[in-house]
Amino acid sequence: MNISEKAKGIIDSCRFCWMCRHICPIGNATGLERNTARARALGASMVVRGATELKEISKNVYECALCGACTNNCMTGWDPKVFIQELKTEIVLNGVAPDYIVGLIEKYSETGNIYGKKACSCLDSLYGNGGKIGLFVGQDALYNVPELVKKVVELLAKAGVKVDLLKNQDSGAALWFLTGKTEETKNAAVACANALNEYETVIVYDPQDYKLMKHEYNEWNVEVKAEIVSINEYLLKLIKDGALKVKKGNNEYTLQDNYFYVRDLDDETTAREIIASVGVNKEMLLKGKETNMAGHLIMNEYMPEVIKEVAQNRWINAKNMDCNVIVTESPAEYVLLKATAPQGAKVLSVEEMLLENI
Ligand code: SF4
Ligand code: SF4
């Protein structure tokens with residue numbers, strides 16, 4: 001199997017502490033021991049040693065959300081996500097991906113997105129306005145929650161910021177998730193970087209795209225000359241500068257920490273500062289890097305019942321602490337928590353929370 005020495009080292013370094021069994025949100029939802037970093041490492045080790053075939057472990061590889069909860073807690077200090085992503089590339093290149101993964105890749109090839117959807121015509125007026133500030137919302141928001149895209153633009157306009165919705169909204173995140181570091185993923189990243197570079201500044205809405213641009217683009221030598229800033233960072237600066245005038249009240253908001261922000265980008269504070277500017281931070285117990293939600297819309301396409309259970313489990317965490325208004329930082333988590341919200345509970349995106357406090 002053609003994977004790096006680094007990936008092989010991670011596979012072999014497991015110390016069987018079983019911490020990943022307790023904290024994997026997918027494993028917690030399915031109750032299956034195979035849904036852990038340790039079990040995946042064991043399976044990969046057997047393939048490396050010729051004791052089993054790659055196709056035997058391919059389904060389990062795609063049952064990982066890459067949320068990094070195991071990375072955060074693994075006693076080896078290694079990152080299991082590294083070998084999981086390398087395995088995906090091997091699985092795809094060897095033609096042993098599960099049918100539903102092949103189907104999603106084909107849908108992406110045919111339509112440009114794994115959902116097979118067209119962007120809502122309600123966004124047409126937001127493209128090509130000729131401004132210096134671009135808005136990159138990514139494919140999850142574009143195809144699944146266009147109403148949030150409109151709200152971001154509305155909120156920025158209240159601060160006098162006019163943005164141009166980029167025509168290319170594909171960072172390569174979907175191909176990265178489905179196929180790892182393939183030529184196709186890198187080509188999508190290069191095309192995206194070229195689109196970003198037409199602007200001085202680009203505000204990035206979805207943390208999965210922001211993380212890819214900040215980490216993998218650098219690793220792949222994909223040059224981004226435009227200033228890339230996350231929507232949270234941009235909004236907080238507008239609030240601090242007084243350009244976005246918000247009212248401080250006593251409403252309680254609970255942040256659903258997005259795993260890309262807190263684990264990959266090490267940012268636990270920006271959204272909390274935004275919440276503090278309009279209300280009161282009410283915390284869940286599993287917060288910050290310990291967040292245990294792995295809301296993923298691509299996985300929702302092929303294992304919806306499990307992803308639903310993951311979201312329901314997060315609501316149990318919230319309700320245990322009497323948290324009734326969840327504020328999300330990612331369109332995927334917004335969609336999944338909204339679909340599973342118990343009676344009397346509410347989900348808001350960061351921009352929705354700000355709009356109700358202006
Ligand atoms: S990255 Fe997340 S989903 Fe994957 S094994 Fe680790 S904890 Fe589970
Ligand atoms: S947390 Fe790390 S060392 Fe412990 S069982 Fe899981 S993969 Fe192995």
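## Ligand surroundings and aromatic contacts

Trp-220 is buried, with a relative accessible area of 10%. This value, like the others in this report, comes from a predicted model. Trp-176 is also buried, and its relative accessible area is 15%. Both residues fall in the buried class because that class is set at under 20% relative accessible area.

**Aromatic pairs**

Across the whole structure, a search finds three aromatic pairs. Trp-176 and Trp-220 make up one of them, an edge-to-face arrangement with 5.6 Å centre to centre and 65° between the planes. Trp-176 belongs to helix H11 (residues 173–179), whereas Trp-220 is in the loop between helix H13 (207–219) and strand S4 (227–230), so the pair ties together parts that are 44 residues apart in sequence. The edge-to-face label is given because the planes are over 60 degrees apart.

Another pair is formed by Tyr-259 and Phe-260, and this one is tilted. Tyr-259 and Phe-260 are both buried. The geometry of these two pairs is listed below.

| Pair | Centre to centre | Angle between planes | Class |
|---|---|---|---|
| Trp-176 and Trp-220 | 5.6 Å | 65° | edge-to-face |
| Tyr-259 and Phe-260 | 4.6 Å | 35° | tilted |

**Ligand 2 and Trp-18**

Ligand 2 sits in the largest cavity. Helix H2 (19–23) and helix H4 (37–48) are the elements that give two or more residues to its shell. The residues that surround ligand 2 include Cys-14, Cys-17, Cys-20 and Cys-74, together with Phe-16, Trp-18, Met-19 and Met-75. Arg-15, Ala-37, Arg-38 and Thr-76 are also among the residues around ligand 2. By class, the shell around ligand 2 divides into nine nonpolar residues, one polar and two charged.

Trp-18, one of the residues of this shell, has arginine side chains over its face. Arg-21 lies over the face of Trp-18 at 5.1 Å from the ring centre. Arg-38 likewise lies over the face of Trp-18, at 5.4 Å from the ring centre. Arg-38 is itself among the residues that surround ligand 2.

**Ligand 1**

Ligand 1 sits in the second largest cavity. Its shell receives at least two residues from each of helix H3 (25–30), H4 and helix H6 (69–73). Among the residues around ligand 1 are Cys-24, Cys-64, Cys-67 and Cys-70, as well as Pro-25, Ile-26, Leu-66 and Arg-40. The shell around ligand 1 divides into 10 nonpolar residues, one polar and one charged.

Note on methods. Residues are numbered from 1 along each chain as its sequence is written. Chains are lettered from A and ligands numbered from 1 in the order in which they are written. This is a predicted model: local features need pLDDT of at least 70, side-chain atom pairs count only at pLDDT 80 or more; totals for chains, interfaces and linings use all residues. Side-chain values use heavy atoms; hydrogens and water are left out. A residue is near a molecule or strand if one of its heavy atoms lies within 4 Å of it. On a 1 Å grid over the protein atoms alone, a cavity is a set of points where a 1.4 Å probe fits but cannot get out, and a pocket is an open set with protein on both sides within 12 Å along at least five of seven lines; lining residues have an atom within 4 Å of a point. A molecule sits in a cavity or pocket if more than half of its atoms lie within 2 Å of its grid points. Helices (H or I, at least four residues) and strands (E, at least two) are DSSP runs, numbered from the N terminus. Ala, Val, Leu, Ile, Met, Phe, Trp, Tyr, Cys and Pro count as nonpolar, Asp, Glu, Lys and Arg as charged, and the others, Gly among them, as polar. Rings of Phe, Tyr and Trp (its six-membered ring) pair if their centres lie within 6.5 Å; planes under 30 degrees apart count as stacked, over 60 as edge-to-face and the rest as tilted. Buried means under 20% relative accessible area, exposed over 50%, partly exposed in between (1.4 Å probe, protein chains only). A charge sits over a ring if NZ of Lys or CZ of Arg is within 6 Å of the ring centre and within 35 degrees of the ring normal.
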